[in-house]
Amino acid sequence: MDISEFNRLSDQKNYQRHPWETSRKNVLKYFLNQTNIKFPIDRIVDIGSGDAFVIHSLLENNFATEYFAIDTAYNEEIINQLKANNKNSQVQYLSNLGEYYANHDTQKNTLFLCMDVLEHTEDEKIILDFLQNETGNYFFFAVPAFQKLFSNHDILLGHYRRYSLSELENLLNKNNFKILDKGYYFFTLLALRWLEKSRKKDQKESIDNWEGGKFKTDLINFVLKTDFKIIMLLKKLNIRINGLSCYCLCTK
């Protein structure tokens, strides 16, 4: 996840979660339930797990037997706070993929999540090279779409770039991933982002300072959940429309 979200870890009671966070979680769960992956899978590894919101939502719905949250921002203090916030759940916290591969059996059937992570790396191979030998496992990649929309908001979030779906495909193909499914989501947000860009109006908020209120938050969540369901329905009709994010589900 993005930038300063860790500042809120010790103030969970007063924190209002951004609808982007809840919507991407809903999208992931809805999408995974449409795949041919047999759940519960042995293990889920969430790369760039942030405050571990997504992986705990998967834990609550029994998507796996084991859960790993990996984020380079994790230190002892943050990990202890995450454990306290999540009532010492079974999720294991690690600070990098090297630590994961050095200390854990990697022979288990695993789903790797890499959502909104690659754009934060100056060189994507820093992550992708670690995954080279993961034969037979699954990978879900999601990134922000369309470099033409790159703005000061992306810089605020620590992004190096945005991607088209074809660019994400090419990157993954070059790194020997086999793409099983692909597409865009959040077409409603894409329209709004194009409008903001054309009016040269840039967002100044990050996910850690949302003050939209419950009604607005629930409304946005409903719209974005419906958005994804429409995209998935159109996809079944071989109609693909663009969105603010693109994804690929892969194997090796």
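Buried, in this talk, means under 20% relative accessible area. Asp51 has a relative accessibility of 7%, so Asp51 counts as buried. Please keep that cut-off in mind, as it comes back several times. One caution before going on: what you see above is a predicted model.

Let me give the overall picture. The chain has nine helices and seven strands. It has 252 residues, and 50% of them count as buried. Now look at contacts between residues with a separation of 6 or more: 78% of those are between residues 24 or more positions apart. The chain exposes about 12,700 Å², and carbon and sulfur atoms supply 50% of that area.

Back to Asp51. What does its side chain meet? The partner is Arg17, in a salt bridge with 3.1 Å from N to O. Asp51 sits in the loop between strand 1 (41-47) and helix 2 (53-60), while Arg17 is in the segment before helix 1 (19-34), and the two are 34 residues apart. Arg17 is at 17% relative accessibility, so Arg17 is buried too. Glu21 joins in as well: Arg17, Glu21 and Asp51 are linked in a network of salt bridges. Arg17 also lies over the face of Phe53, 3.9 Å from the ring centre.

The structure holds 11 salt bridges, and I will show two others. Arg161 and Glu124 meet at 3.6 Å, N to O. Arg161 is in the loop between helix 6 (152-156) and helix 7, and Glu124 is in the loop between strand 4 and helix 5 (125-128), so this pair ties together parts that are 37 residues apart in sequence. Both residues, Arg161 and Glu124, are buried. The other salt bridge joins Asp129 and Lys125, at 3.0 Å from N to O. Asp129 is partly exposed, because its relative accessibility is 40%. Lys125, at 38%, also counts as partly exposed.

Next, the aromatic rings. A pair of rings is described by the distance of the centres and the angle of the planes. How many aromatic pairs does a search of the whole structure find? The search finds 19. One of them is Tyr100 with Phe112: the centres are 6.3 Å apart and the planes are at 90°, so the pair is edge-to-face. Tyr100 is in helix 4 (residues 97-103) and Phe112 in strand 4 (residues 110-115), 12 residues apart. Tyr100 is buried at 1% relative accessibility, and Phe112 is buried with a relative accessible area of 1%.

Now take Phe139 and Phe177. Their ring centres are 5.0 Å apart and their planes are at 85°, so this pair is edge-to-face. Phe139 lies in strand 5 (residues 138-144), and Phe177 in the loop between helix 7 (165-174) and strand 6 (178-185), so parts 38 residues apart in sequence are tied together. Phe139 is buried at 0% relative accessibility, and Phe177 is buried at 4%. Lys252 lies over the face of Phe177, at 4.1 Å from the ring centre.

There is also an aromatic cluster, with Trp20, Tyr30 and Phe228 among its members.

Last, the surface. Is Phe222 buried or exposed? Phe222 is exposed, because its relative accessible area is 56%. Phe222 is found in helix 9 (residues 214-236). With Phe215, Leu219 and Val223, Phe222 forms a nonpolar patch on the surface, with about 450 Å² of accessible area together.

Methods: Residues numbered from 1 in each chain as written. Predicted model: local features only at pLDDT ≥ 70, side-chain atom pairs only at ≥ 80, totals over all residues. Heavy atoms only, no water. Phe/Tyr/Trp six-rings, centres within 6.5 Å; stacked < 30°, edge-to-face > 60°. Helix = DSSP H or I, 4+ residues; strand = E, 2+ residues; numbered from the N terminus. Buried < 20%, exposed > 50% of the residue type's maximum accessible area, 1.4 Å probe, protein only. Lys NZ or Arg CZ within 6 Å of the ring centre and 35° of its normal. Contact = heavy atoms within 4.5 Å. Areas by Shrake-Rupley, 256 points an atom, 1.4 Å probe, with all protein chains shown as cover. Patch = residues over 30% accessible without salt bridge, like charges linked within 9 Å, V, L, I, M, F, W, Y side chains within 5 Å. Salt bridge = Lys/Arg side-chain N within 4 Å of Asp/Glu carboxyl O.
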